[in-house]
Amino acid sequence: MMKWLNTYRRYACDIHHINEQVREDAKGLVEMTEELFRYDLRQIVEQVLTIPVKRPILLLSGPSSSGKTTSAQKLADEFRAKGCEVQHISMDDFYLGIKYIRTLPDGRPDFESVEALDIPLIKQSIRQLAATGECDLPRYDFRNSCRMEETRHLQLSSHTVIIMEGIHALNPIFSSGMTDGISKIYISVKQGIKDNEDYVLTNREIRCIRRMVRDYHFREVHPEHLLDMWQSIVDGEKKYIRPYRYTSDFTINSLHLYEPCLMKETAVSLLSQVERHSPYYDTACHLADSLQRFESLDAQLVPENSLMREFIGGGNYVY
């Protein structure tokens, strides 16, 4: 692919403009944002389908709470709309298991490391799928942190698009020596929201809020626990994800302009649970104060196939 294509949509991210749009036409803001995001995905699909190979392979990566999983499924929808079959593969199924993962200095398993994955098996699977469209994929038991005994056999027809998604998908260790038919996609929140020149929320803080709301809804994780983990998550991103973001063929900006308004009520309520004696109290207060500056937006305005449903729930995709 030609790297000059690797640009991404940039929004006018001013809090006053966002609040004005929410007050005047919240539904219109949501619809415009959703359509622009879909347009960006369609542009990628159209470019990928110009590659003269039987089974295009998309490697999709991005940091925590960038919207990888939903974007993979929305890309699959766009490919199907073009008459393609699609196979979605999660790199998480290639985890070796907690017994084989090295520990961090604080004793926690280092799930962020690329070495937590079965690297030879991933490389083998990519090559087999590209050459024959057939391979056996592992399955991972997240409840018990180990690989299942049974595998999943894939036998794909020609012109099937393969979307392999995971935080390490852009690491060249998996695709070295292979160029034909592989497209690399990097997704993240690429912009923060400003008040003139000062940030109200940085792009990293927006992802932290997404993760906090999602983990509370789907994993019952207390906000203080998320704030405690967040720095190690960011450190892992700097080490294992960000170095390869410029090797991508396409970059997706997953920022949804209305999302602080959507997240406001839930996130502020969660942040209020962080007690004054906590080492994360100041961080919680900063995030809550920043969110309070946004107008509120009703979640009912958000379509069921929106990327934001990955974090607030009520969507029609399976995670």
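**Ground rules.** I number residues from 1 along each chain as its sequence is written, and I use heavy atoms for side-chain values, leaving out hydrogens and water. Because the model is predicted, I take local features at pLDDT of at least 70 and side-chain atom pairs at pLDDT 80 or more, while totals for chains, interfaces and linings use all residues.

**Sheet.** I looked up the strand order and found an open sheet of five strands, S2-S7-S1-S8-S11, with parallel pairing. Strands (E, at least two residues) and helices (H or I, at least four) are DSSP runs numbered from the N terminus; two strands pair if DSSP finds at least two bridges between them. S2 (85–90) and S11 (250–253) are the edge strands with a single partner each, so one side of each has no neighbour in the sheet. From one strand to the next I note an average twist of 20°. S1 (residues 57–61) and S8 (residues 182–188) run parallel and are joined by five bridges; Ile-57 has Ile-182 in S8 as its bridge partner.

I then checked helix H2 (residues 68–81), which packs on the sheet and touches S1, S2, S7 (160–165) and S8. Contact here means heavy atoms within 4.5 Å. The direction of H2 makes about 175° with that of S7; axes are lines fitted to C-alpha atoms, for helices over the stretch in contact, and angles run from 0 to 180 degrees between N-to-C directions.

**Aromatic pair.** I found two aromatic pairs in the structure. Tyr-95 and Tyr-140 form a tilted one, at 5.6 Å centre to centre with 55° between the planes. Rings of Phe, Tyr and Trp (its six-membered ring) pair with centres within 6.5 Å; planes under 30 degrees apart are stacked, over 60 edge-to-face, and the rest tilted. Tyr-95 sits in the loop between S2 and helix H3 (119–131) and Tyr-140 in strand S4 (residues 140–141), so the pair ties together parts 45 residues apart in sequence.

**Cavity and pocket.** On a 1 Å grid over the protein atoms alone, a cavity is a set of points where a 1.4 Å probe fits but cannot get out; a pocket is an open set with protein on both sides within 12 Å along at least five of seven lines, and lining residues have an atom within 4 Å of a point. I recorded Leu-201, Ile-206, Ile-209, Glu-259, Pro-260 and Met-263 as lining the largest cavity. H7 (259–271) gives the most to that lining, with three residues.

The largest pocket has 43 lining residues, with Asp-92, Tyr-95, Arg-211, Arg-214 and Arg-219 nearest its centre. H6 (223–240) gives the most to the pocket lining, with nine residues.
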